[in-house]
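Me: I would like to learn how to read the features of a structure one at a time, with the general idea first and the particular case after it. Could we begin with the interior?

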Amino acid sequence: MKAFTTLALAAVVATVALPASAQFAKPEDAIKYRQSALSVLGTHFSRLGAMANGKIPYDAKSAQESAEVVAFMSKLPWAGFGAGTEGGKTKPEVWKEQAKFNDLASKMEAEAVKLNAAGKAGNVDALKAAFGPAANSCKSCHDSFRNK
Ligand code: ASC
């Protein structure tokens, strides 16, 4: 029993220690994962944009919730871009220019942190100020790394 527990524990530790890309059984799973994360991110980001641009009324609670979702989701897509997961709408440049891709990913995450702070501030001017730079951080990565 003790040996089994030790083995089971070793298996768990080995799983956790694997690089994120190796946690997907198939490349398609990684693609689905990153697309799903970016879809949830984009849905909430668009809601914030609609408020920032006056297309829907500003609602402080909804803005705060969406900004929290964006900040959390901004951390997730990158694990789905591991080696051997080319496909979807992603350009092969992601794997050829990894330093640039990682830099743009980090910038987007940093903007999402600022957007989250703006959501907590609870006023539309803070949201407007944070939204533009955050949108640019999405766009600059898409321009280089996403097929139309
Ligand atoms: C969105 C969304 C994106 C970004 C980008 C910003 O709402 O889904 O991908 O904003 O268009 O330029």
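Me: Which residues of the largest nonpolar core touch the most other members?

Reply: A nonpolar core here is a set of buried Ala, Val, Leu, Ile, Met, Phe, Trp, Tyr and Cys residues joined through side-chain atoms within 4.5 Å, where buried means under 20% relative accessible area, exposed over 50%, and partly exposed in between, with a 1.4 Å probe and protein chains only. In soluble globular proteins, nonpolar side chains tend to be buried together. In this predicted model, the largest such core has 18 residues, and Phe45, Leu48, Val70, Leu115 and Leu127 are those that touch the most other members. Two or more residues of this core come from each of α2, α3, α5 and α6, with α2 giving the most, 6 residues.

Me: What should I know about the numbering and the confidence limits before going further?

Reply: Residues are numbered from 1 along each chain as its sequence is written. Since the model is predicted, local features need pLDDT of at least 70 and side-chain atom pairs count only at pLDDT 80 or more, while totals for chains, interfaces and linings use all residues, and side-chain values use heavy atoms, with hydrogens and water left out.

Me: What does Leu127 touch, leaving out residues up to four places away in sequence?

Reply: A contact means heavy atoms within 4.5 Å. By that rule Leu127 touches Leu48, Met51, Ala52, Tyr58, Ala63, Leu115 and Ala118. There is also a second, separate core of 7 residues, which includes Val94, Trp95, Phe101 and Phe145.

Me: How many helices and strands does the protein have?

Reply: Helices (H or I, at least four residues) and strands (E, at least two) are DSSP runs, numbered from the N terminus. The protein has 6 helices and 0 strands, and the pattern along the sequence is α-α-α-α-α-α.

Me: How does one compare the length of α6 with what is expected, and where does α6 bend?

Reply: The expected span of a helix is 1.5 Å times one less than its number of residues. With 22 residues, α6 reaches 31 Å from its first C-alpha to its last, close to the expected 32 Å. The bend at a residue is the angle between axes fitted to the seven residues ending there and the seven starting there; α6 bends by about 25 degrees at Phe131, and a proline, Pro133, follows within four residues.

Me: Which residues of α6 are buried, and what do they pack against?

Reply: Leu127, Ala130, Phe131, Ala134, Ser137, Cys141 and Phe145 are the buried residues of α6, and they pack against α2, α3, α4 (93-96) and α5.

Me: Where does the annotated "binding site" lie?

Reply: UniProt positions are given in the numbering used here, feature names are shortened, and annotations may be inferred rather than shown by experiment. The unreviewed UniProt entry assigns the "binding site" to Cys138, Cys141 and His142, and the lining of the largest pocket includes Cys138, Cys141 and His142. On a 1 Å grid over the protein atoms alone, a pocket is an open set of points with protein on both sides within 12 Å along at least five of seven lines, unlike a cavity, where a 1.4 Å probe fits but cannot get out, and lining residues have an atom within 4 Å of a point.

Me: Are Cys138 and Cys141 buried or partly exposed?

Reply: Cys138, in helix α6 (residues 124-145), is partly exposed because its relative accessible area is 21%, whereas Cys141 is buried at 10%. Apart from neighbours within four places in sequence, Cys141 is in contact with Phe101, Leu104 and Arg146.
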